[in-house]
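I set down here, in order, what I looked up in this structure.

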Amino acid sequence: MGKTTGFLEFEREVEKYEAVENRVNNYKEFTIPMDDKALKNQGARCMDCGIPFCHSGCPLGNLIPDFNDNVYKGKWKEAAKILHSTNNFPEFTGRLCPAPCEEACVLGINEDPVAIENIEKNIVETAFKEGWITAQPPAARTGKSVAVVGSGPSGLAAAQQLNRAGHLVTVFERDAKVGGLLRYGIPDFKLEKKVIDRRIAVLEEEGIVFKTNAHVGKNISVETLKEDFDAIVLCGGSTTRRGIPIKGAHLKGVHQAMDFLKQNNQRVDGVSDFEEVLYAKDKNVIVIGGGDTGSDCIGTSNRHGAKSVTNFEILSKPATGRPANQPWPYWPMRLRTSSSHKEGAERFFSISTKEFLGDKDGNLTGLITTEVEWVFKEGERPQLKELPNTEKQWDCDLVLLALGFTGPETTLIDQFGLETDFRTNINASTKNYMTNVPGIFTAGDMRRGQSLIVWAISEGRQAAYHIDNYLMGKSNLPLKDSNDLPRV
């Protein structure tokens, strides 16, 4: 490493945020960029640790010490090449990934870990600014065609890799614009949509065809795809939302978080024709679910001008430090406070919603909760126990259900005749990512269940290798955990 003692000389530093009172007035990203000297110092903190556990912590297997070292030396173009050799879209992961690589950082055993995610974001932004990221169409075409269903991170990664192999790739997206969850699930204050558009323009120039408002299984038949393409990869995500089957769940004012977030993203994009307007202004909002989606609802509600925002989580409040049963380098379930939480929200843990309350016109007016505790017995699943005499009534005008997803939608599964696993995900092993129907593959959340964007990109890359191998009998695409170094 360029600065052997860097981790002893420099403390961890990441991008700061604009003041809350300023950033909640718009939907723009609100991080304040670091200067080159500060970024160089952060690259210098990467230790010469011998075994870089960050590699295994990263689902993509990013070559983290290598690009950190080049940032320290000021070799930004080389750093960008190394980063893109394993990650098609570091501008997405550099903004949205929870950074499992940092939890696996050797320095993190007894110090603050290297600011890997922040470095990654600045590498790719520098590369775009300097014009180093340009279209690289394949030198020759194979004559084989592949349909990619879904344009989220797994679909986009699979499409770019397959296009690099020389196949003719068409991406089908059921919504009006490309991006999937990136476009319609992530708020603009975390990912401005021009960041997606910038990358899509490169992919189109490389030869990938995108078809929007193309809902396979509805306005495009699965038979058409089977006839027109040599292989199909399903990357539609895990989009069946989990509900809450309690009294009053039908009331006006109880909504799924993803409906709320999608509509707001469309509103920011200039769409205004909604059948039902979901807006939090001057409302008492309760967000049920303490994950990233719940956090996004909090930030969006604050930007609407909500009267109050309250967040419920049925799980116990995590510890702030690493739990003893989740040692380094594993991902710890610790308390995480997002930028949205800091903008204004009251959080409650170990709380369960029992009933929604409404008026005679069917409008939500409040809800009833009870406190709970989790009972753990060896060899058994944890049991949820309600605590007596803890019922409480809350006033609210809008409830947003951020309870996660139960699996992929069944339309394509049924029409293609695909087998599913015990979690209702499409059954396809990591050996070849192929379903029970020859020539039909799957990747991302449709295969592994609700997961991270970084896992989706990894899945798309892996699936592309196996599809290429299926079509050609071999593949030169990079395969994670292979002995061959990934190529740019």
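I looked up C105 and found it buried, with a relative accessible area of 9%; buried means under 20%, exposed over 50% and partly exposed in between, with a 1.4 Å probe and protein chains only. I note that this is a predicted model, in which local features need pLDDT of at least 70 and side-chain atom pairs count only at pLDDT 80 or more, while totals for chains, interfaces and linings use all residues. Residues are numbered from 1 along each chain as its sequence is written, and side-chain values use heavy atoms, without hydrogens and water.

I next checked for disulfides, defined as pairs of cysteine sulfur atoms within 2.5 Å, and the count came to zero. C105 is in no disulfide, as its nearest cysteine sulfur, in C54, is 6.6 Å away. C54 is itself buried, at 7% relative accessibility.

I then turned to strand β16, residues 398–401. Strands are DSSP runs of E, at least two residues long, and helices are runs of H or I of at least four, numbered from the N terminus. L398 and L400 point one way, V399 and L401 the other, and all are buried. In a regular strand, side chains alternate between the two faces of the sheet.

I finally looked up the partners of β16, where pairing requires at least two DSSP bridges between two strands. Strand β8 (residues 254–256) runs parallel to β16, joined by three bridges, and H255 stands opposite L400. Strand β9 (residues 284–288) also pairs with β16 in the parallel sense, over four bridges, and there I288 stands opposite L401.
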